[in-house]
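Please look over the sequence and the model shown here.

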Amino acid sequence: MNEDVPTLFEWAGGTEALNRLTQTFYGKVFQDPIVGPVFKNMSPDHPAHVAAFIGEVFGGPKTYSEEHGGHREMVMHHLGKHLSEEQRRRWINLLADAADEVGLPDDPEFRSAFTAYVEWGSRLAKMNSNLGETCDPETEPMPAWGWGVPGGPYKPPSEK
């Protein structure tokens, strides 16, 4: 892809949009009987940290890596949580609802990339959560998500 193609971070609306997303999302999570208990002791900064993580994964600033420990730290937060498939699916649905509510782009290309990352990341989180304290995430690289496979058929709407 050429360098004029925006990152998913840029297309989503940047830091402000991702902060709106995670604030709205965690408001839904707190009220949810399935995933709410998992987050009952969450710090007030958690939504901003998750927004920074998603932003970095989507090609934005490396804030999460520089200030919060990178992917290794995200993996560590999930160890021993024993997340269920029902919780994983509810998490995805609430995040998709929040994305609609805050007005993230709804073009098929963006939502396909967004949903693919959420699906992949939530499955990884569930897997790590069930490893107990035996996982050693030292070598876990920060994921980097884009519009699709390099050279693949997916391009942002402005590139069609």
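**From one histidine to the whole chain**

His49 has a relative accessibility of 26%, so it counts as partly exposed; the cut-off for buried is under 20%, and that for exposed is over 50%. This value, like the others here, comes from a predicted model. In UniProt, an unreviewed entry lists His49 under "binding site". Such an annotation may be inferred rather than shown by experiment. Leaving out residues up to four places away in sequence, His49 touches Tyr64 and His68.

His49 lies in helix 3, which runs over residues 46–57 and has twelve residues. From the first C-alpha to the last, helix 3 reaches 17 Å, close to the 16 Å expected at 1.5 Å a residue. The buried residues are Pro47, Val50, Ala51, Ala52, Phe53, Ile54, Gly55, Glu56 and Val57. Just after helix 3 comes Gly59, with a positive phi of about 95 degrees.

How many residues does the largest nonpolar core have? This core has 35 residues, and those with the most contacts inside it are Leu21, Phe58, Leu104 and Phe114. At least two residues of the core come from each of helix 1 (8–12), helix 2 (14–31), helix 3, helix 6 (85–102) and helix 7 (108–129). Phe114 shows how some of these residues meet. Apart from its neighbours within four places in sequence, Phe114 is in contact with Leu21, Phe58, Leu95, Ala99 and Leu104.

Last comes the chain as a whole. The chain has seven helices and zero strands, and its pattern along the sequence reads α-α-α-α-α-α-α. Of the contacts between residues at least 6 apart in sequence, 77% join residues at least 24 apart. Buried residues make up 42% of the 160 residues in the chain.

Notes: Residues numbered from 1 in each chain as written. Predicted model: local features only at pLDDT ≥ 70, side-chain atom pairs only at ≥ 80, totals over all residues. Heavy atoms only, no water. Helix = DSSP H or I, 4+ residues; strand = E, 2+ residues; numbered from the N terminus. Expected span 1.5 Å × (residues − 1). Buried < 20%, exposed > 50% of the residue type's maximum accessible area, 1.4 Å probe, protein only. Contact = heavy atoms within 4.5 Å. Core = buried A, V, L, I, M, F, W, Y, C linked by side-chain atoms within 4.5 Å.
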